[in-house]
Amino acid sequence: MKKWQDKEEFKKIFTEKAHVLWEKELRDLTLNEVYQTIAYMIRDLVSEDWIRTNEVYAEQKAKQVYYFSIEFLLGRLLQSNLIGIGLEDICRQGLEDLGWKLEDVVPQERDPGLGNGGLGRLAACFIDSLAALQLPGHGCSIRYQYGLFNQRIVDGQQVELPDNWLVNGYPWEVKRVDKAVNVRFGGNAYMRPTEDGELECVHENYSSVRAVPYDVPVIGYHNDTVNTLRLWRAEYSREDLYRELTLGDRHRAFRYKNNVQLISRFLYPEDSTEDGRRLRLMQEYFMVSAGLQSIVRHYKRKYKESMYKFDQYIAIHINDTHPALVVPELMRILLDEEGMAWEDAWDITCRTVAYTNHTILPEAMEKWSIPMFQSLLPRIYLIVEEINNRWLKEVRRLYPGDENKARSVAILWDGQVHMAHLSVLGSHSVNGVAEIHSQILKDSTLHQFYTIFPNRFSNKTNGVTHRRWLIEANPQLSDLIDEAIGDEWRLEPSKLIRLKTVSSDSAFLDKLAKVKKARKEILADYIKKEYDTNIAVDSIFDIQIKRIHLYKRQLLNILGILHLYYTLKANPDLRVRPHTFLFGGKAASGYGEAKQTIKLINVVANMINRDKQVNKQLKVLFLENYNVSLGQLLFPAADVSEQISTAGKEASGTGNMKFMMNGAITLGTMDGANVEICREVGMEHCVIFGLRAEEVMNYYMHGGYSSWNMYSSDPRIRQLMNSLVDGSINGEHFGMLYESLLDRNDEFFVLKDFAAYCEAHTEISRRYANQKQWFHSSAINIAHSGYFSSDRTIQQYASDIWRIKPVKV
Ligand code: Z16
């Protein structure tokens, strides 16, 4: 790559580029125009490598993976791309000469919020790692015109505003009209005999949607690899529109046009639950069909190999079940377009596809009603029916008379299409995202499949990219690490383990404490500016940031805070270590309990922050619109990482890893990847509390838990529960939460774990009192965070599942 050699060259190219783009004097540029100019300059730099990368992959006929995900939660790209090509400093200096600060330019980029939470951010970390490891792997998704809603808090309540992130254009994308494909919806499909006695499929009266790809370069870290994230946009096909119009039905024509445009308009604001909307199914098929068609076309044109060898050159990964239609869609292409026999097509499909499960929450298991599925995707339905028939025949042959078995592995059952079952059956690999989660899949959720295909199952513990979450988010800590152990960890995060050698060194620990303080000051400045509130940097920053969900138990956190408040009110002379509790996260728009939890947090925060008797010791804040960029400000500033989900419910969690990488101590349950984090760092360097997953499971299966008993036996709980409904919290009522905790027997064991949670907090305060000990733990956490790099995760996927190898560009 021909990079800018120094700041002078940067300034020269910047000036030329800005003139061409904006036709005005430099001094008249808006900050947004400055941002866009640099983005286009980076595009120019990488364009050759981008072309070259694809050429080399094709020349070498390298096996490639396509990572299909309904979400990619990228966050801003300007700084990470600058860091990736090693030009951040030159850019910063050049801008400074021209009178701008890089730090003011960066926030001009809108966060592409094309994801809800963990699953979407995981996909973004994964493509980052693929490129960093020089692996041939690309992302495939939808270019939603509106990302996840922007959250405002008004009177303590969540208000959802549309996220029109594309208003000023998106400089990182390239529209590729020449690579558009058509996707079919509706009509009718049936089998008809051919002249030579075979059956062929006829699909008629369908309507066509044009899928147009927008490509975003995925730039490798300090290498020449530039992979592709391909985002599909739905457009109406002019021929179809004109046909409708010439048939004389204007209304039908406009309905067609509007329906098509809706397909890529909104990202669904759900995390871990499905609302089962027809449009969502359209989105899923749209992404899958467009993606597969373009992969097959590229394979035939550039690899010029037989479709019988497809699986030797192509791996397709489905991130949860949203892209599960790749299974029948690949079957359709192989059967209808390539004329293959069923058995061959099925064999190739299963060898190509691999599936990751991200949840065991039953309400989050994707199922579609058969009538809806059939009317929207008639040809795909015929294929799914055939897959199901053949499969159940096989199961009944293997387990005669065992209808329970058949039911628990059926694709079609009870009038529904079961997408997880389709995904397991149609792939050669099924993995969970943390050890405990993978075990639960084998033991319960997918147990019947596990007995039939034991070798198909494995674990791939999640990871996060240390490039964004440490190098970019926390340059102060990164520099300190360099100083202590050299900078090799930047390329190989496992080398962070060398920090253990300085983890008891007072001089190092003092500097670590200074870095943490500096990051807390940066956050405090932000909070001062945005909320006109002061937070004390010598208080413990205790942070819970994630989607709001009953199982994640933000309720436990806020009830703990409320109890602390009552304790301070009842004991005016009590002095506790000052605490700042920060929350952030969005609630799904239709999730009443989650929204009421936000309200509760805000009302409690108000009450506490205004109370002069306690607000020197206690401060609570709900930060609006938690997203990737806000995360980059919060993780580095945290002392305590709240990871308090009901054991067995959080598949992995990834925020836990971002906190740890930045030296926060985990206060958590034995759930998801917390289990592995505390195994790596040792029990003495995290604080674990609460029921274990087996205990939770036992209560579910055999009963024995009554939240009313907790209410009767624990006066603290009684006081808290009463306060939810008696108006004592600023006159507000929280009936829905009260009912969930008491009348519906506290499904997530908030009250059961309450006492243990309070003790865990006491333990945190006790440990924080010994600063040297605290920062020793902090250093140990950073040292072990290398294991939780997505580079490690991706290497495991690459060697165990995809069988792909690095390619030097
Ligand atoms: C999601 O973000 C996750 C699961 C799911 O079924 C749907 C969505 Cl949108 C999350 C898990 O809740 C979390 O534990 C996990 O770390 C993350 O996926 C990535 O695996």
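Trainee: Which residue stands opposite His-579 in S19?

Mentor: Ile-540 does. Note that this is a predicted model, where local features need pLDDT of at least 70, side-chain atom pairs count only at pLDDT 80 or more, and totals for chains, interfaces and linings use all residues. Residues are numbered from 1 along each chain as its sequence is written.

Trainee: What makes S18 and S19 a pair?

Mentor: Two strands pair if DSSP finds at least two bridges between them. Strand S18 (residues 540-545) and S19 have six bridges, in the parallel sense. Strands here are DSSP runs of type E with at least two residues, helices are runs of H or I with at least four, and both are numbered from the N terminus.

Trainee: Which strand pairs with S19 besides that, and in what sense?

Mentor: Strand S20 (residues 618-623) pairs with S19 in the parallel sense, over six bridges. In that pairing Gly-584 stands opposite Leu-623.

Trainee: Why is S19 called largely enclosed?

Mentor: A residue is buried if 20 or more other C-beta atoms lie within 10 Å of its own, exposed if 12 or fewer, and partly exposed in between, with C-beta atoms placed from the backbone. Six of the six residues of S19 (residues 579-584) are buried, so the strand is largely enclosed by the rest of the structure.

Trainee: Which residues of S19 point which way?

Mentor: His-579, Phe-581 and Phe-583 point one way, and Thr-580, Leu-582 and Gly-584 the other. In a regular strand the side chains alternate between the two faces of the sheet.

Trainee: How do you know whether Lys-658 is buried or exposed?

Mentor: Lys-658 has 29 C-beta neighbours inside 10 Å, so it counts as buried. The residue lies in helix H25 (residues 655-661).

Trainee: What does UniProt list for Lys-658?

Mentor: An unreviewed UniProt entry lists Lys-658 as "modified residue: N6-(pyridoxal phosphate)lysine". UniProt positions follow the numbering used here, feature names are shortened, and annotations may be inferred rather than shown by experiment.

Trainee: Which residues does Lys-658 touch?

Mentor: Val-464, Trp-469, Gly-631 and Phe-635, not counting residues up to four places away in sequence. Contact requires C-beta atoms, placed from the backbone, within 7 Å.

Trainee: What makes S13 and S14 edge strands?

Mentor: Strand S13 (367-369) and strand S14 (412-413) each pair on one side only. The open sheet runs S13-S15-S14, with antiparallel pairing. S13 and strand S15 (residues 416-418) share three bridges, and Trp-368 stands opposite Val-417.

Trainee: Why is Asp-155 called exposed?

Mentor: Asp-155 has 8 other C-beta atoms within 10 Å, so it is exposed.

Trainee: Why does Gln-134 count as partly exposed?

Mentor: Gln-134 has 19 C-beta neighbours inside 10 Å, so it counts as partly exposed. Gln-134 also has a positive phi, of about 55 degrees.

Terms used: Two residues are in contact if their C-beta atoms, placed from the backbone, lie within 7 Å.
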